Amino acid sequence: MTTLPDDRGRFGDYGGRFVPETLIPALDELEAAWRAARGDEVFQRELDDLLRRFAGRPTPLGDARRLSADAGGCRVVLKREDLCHTGAHKINNTLGQVLLARRMGKKRIIAETGAGQHGVATATAAALFGLPCEVYMGALDVERQALNVFRMQLLGARVVPVESGSRTLKDAMNEAIRAWVTNVRDTHYIIGSVAGPHPYPAMVRDFQAVIGDEARAQVQELCGRLPDAVVACVGGGSNAMGIFSAFVSDPGVKLVGVEAAGRGLASGEHGASLTKGRPGVLHGSRSYVLQTPEGQIAEAHSISAGLDYPGVGPELAYLKDEGRLTVTSATDAEALEALQYLARTEGIIPALESAHAVAAALPLARELGPGGLLMVNVSGRGDKDVEQVRRALAALAAPPGRKAKPKAARPARRSAR
Amino acid sequence: MSPATHPVAARDDRIASMFAAARDRGEAALVTYLMAGDPDLATAKAAAVACADGGTDLLEIGMPFSDPIADGPTLQRAAERALASGTTVASALEVAAHVRARSQVRLALMGYLNPVLSYGLERFFADAARSGVDAVILPDVPPEEAGELRRFADAAGVKTVFLLAPTSTEARRRAAAEVASGFLYFVSVTGVTGARRALPEDLAMRVAEVRAASPVPVVVGFGVSTPAQAHEVARLADGVVVGSALVARLAEPGSRAARAERVRRFVRSLKRAMLR
């Protein structure tokens, strides 16, 4: 297990707390509650119980037989976080944080969301404990993820569309931080990724480490050994850190993070912070950030709303610099193709986020060849994305010159920044 | 750095002497805020000079950032306008130098860390000093993250101002007092920048707590938008900050000269409210 962060919340040069003073006491309070809860058997038992009896853990680890055959014989196993209640790994973290919020006596929950999976998971955990919940979501994502917006509303949450900036995840996070600054005394902010100020990156990793802990035991049971490589998609990085955390100390296990290459790494329209960003400060921590030469935060792009984020968790930045993490990427088109491929070969429709991991897994499996063992984290299921995928495929199929309606492919961004 | 190295009345300390002069006049110091490059660089320069003419004691020049987490809608929009007009950290330094060539008003640069990191910390503080800047305020840098930044600031002779909030504990007030240079900035409300109808009821008590812990003067900002509110705060603190209300006035339509005149008049009305 990794021993980082240090007591200042640093992973090497990354992490820390770059937030308005108003929030620092709340972060201190949260850090104390998290540290106490980690060593508290009653808390851990309650969380384990919720994860088993409510969230549906453990999730299975299973062979992707036809994928393995296609790849030339490398054994590929899939960790099925898509089978979690609410459809993604996000529920692991929100149940943990809602328990913490209750422990701290907070009366209200706020969250930000991109694809909506974290929003749905937060709304679910808040509903379970009867806490009022507000979810900040970029206005563009509200359009792209209409189904998840409705799910959150069904669960009793209020969805607040954010019109500022690029109207996506980063702006939702800005607005959630502002809302937290304003209501910090009675409100807990559930950050959905291993991003944000200390202790969030470490705390969210700890709540997601259940993925890696299960997967490690399962792969040893199923295959009799550790995998040669573990692949996960990276937006902020919570599913990746969750599964990687159990293998960080095994140098024989290659850790592969797959970022969103969007319309191509050279196009400037992507979400590949580790690949194309440089160290900076965004949303309370120092990490790799997509930014202009002047230090303004750049807009990220991905067909997947959950990967459409110009930052990345500080621990992933650290692991990259240390040479422990291999970073690769998949384009929108490759992710779309991988989504269809997994659907047809394995009977699993992954989330567009997870489809990025699948896209990168194929070439990696071919490289490993027969005798190789590759683990892929299927972080979420694709139900939320099917309408968007349908539109994207229709747009691709449209004859050249007769473009599909612009709105069909992607709603126009507000030009003013 | 110990508080003792920042004697309030040091002769060469321009910020300290400003507060001392205000105190001698029976006033609180008036601190105003404008965003560099909002809506364009020339207008921002004219407005900044108008602030000085109107009687501002210390002018904060905002450096726009794409993701201003401590700001409410008024300053968010100002940052968007400034970025749309091509404003950079260098433009903010240019506004400072422009004002400094015409006035001895004290100058602070205020913004978020990332553009400053991109500019380069050492170069930023050196250029700030060269442009006549007295202090730098970065609301997303709490004292515990400020080590390297303070080294370069000290080397350049630029003050680093830290913020305290209503949520700050006694321990944090002490921590801020230890690193305070120039002045401490007390955020009057639990919230982001922007006008409020009323100030918090316990403001007097909280400001008193901070002043008791602080070796340097304490200014109060966030939510102060009218001369009446400014007067109320002037009786409690060493200085009063007005930002969003001024930015909103500047943003109303009109010629460059008309906007600057509007700023000057508003600043003058605030200045009159500083008398305790």
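The pLDDT is the predictor's confidence in each residue, on a scale from 0 to 100. In this predicted model, local features need a pLDDT of at least 70 and side-chain atom pairs count only at pLDDT 80 or more, while totals for chains, interfaces and linings use all residues. Residues are numbered from 1 along each chain as its sequence is written, chains are lettered from A and ligands numbered from 1 in the order in which they are written, and side-chain values use heavy atoms, with hydrogens and water left out.

**Figure 1. Confidence in the two chains.** Chain B has a mean pLDDT of 94, and 96% of its residues reach 70 or more. Residues 1-11 of chain B stay under 50. For this stretch the model has 15 contacts beyond four places in sequence, a contact being heavy atoms within 4.5 Å. Chain A also averages 94, with 95% of the residues scoring at least 70. Over residues 404-417 of chain A the pLDDT is below 50, and this stretch has 33 contacts beyond near neighbours in sequence. Where pLDDT is low, the predicted coordinates should not be read in detail. The model as a whole scores ipTM 0.94 and pTM 0.94.

**Figure 2. The overall form of chain A.** Chain A contains 16 helices and 14 strands; these are DSSP runs numbered from the N terminus, helices being H or I with at least four residues and strands E with at least two. The radius of gyration of chain A is 20 Å, close to the 22 Å that the globule rule gives for 417 residues, so chain A is as compact as a globular protein of that length. This radius is taken over C-alpha atoms, and the rule is 2.2 Å times the number of residues to the power 0.38. Along its principal axes, the C-alpha trace spans about 55 × 55 × 40 Å.

**Figure 3. A:Glu315 in helix 12 of chain A.** A:Glu315 lies in helix 12, which covers residues 314-321. With a relative accessible area of 3%, A:Glu315 is buried. Its side chain makes a polar contact of 3.0 Å with the side chain of A:Arg205. Such a contact is a pair of N or O atoms within 3.5 Å; within protein, one must be able to donate a hydrogen and the other to accept it, and residues adjacent in sequence count only if both atoms are side-chain atoms.

**Figure 4. Helix 2 of chain B.** Helix 2 (residues 41-54) has 14 residues and reaches 20 Å from its first C-alpha to its last, close to the 20 Å expected; the expected span is 1.5 Å times one less than the number of residues. At its start, a side-chain oxygen of B:Asp40 reaches to within 3.2 Å of the backbone nitrogen of B:Ala42. After the helix comes B:Gly55, whose phi is positive, near 110°.

**Figure 5. B:Asp71 and its surroundings.** B:Asp71 is placed in the loop between strand 2 and helix 3 (73-84) of chain B. B:Asp71 is buried, with a relative accessible area of 9%. Not counting residues up to four places away in sequence, B:Asp71 touches A:Arg178, B:Gln76, B:Tyr112, B:Val192 and B:Thr193.

Definitions and conventions: Buried < 20%, exposed > 50% of the residue type's maximum accessible area, 1.4 Å probe, protein only.
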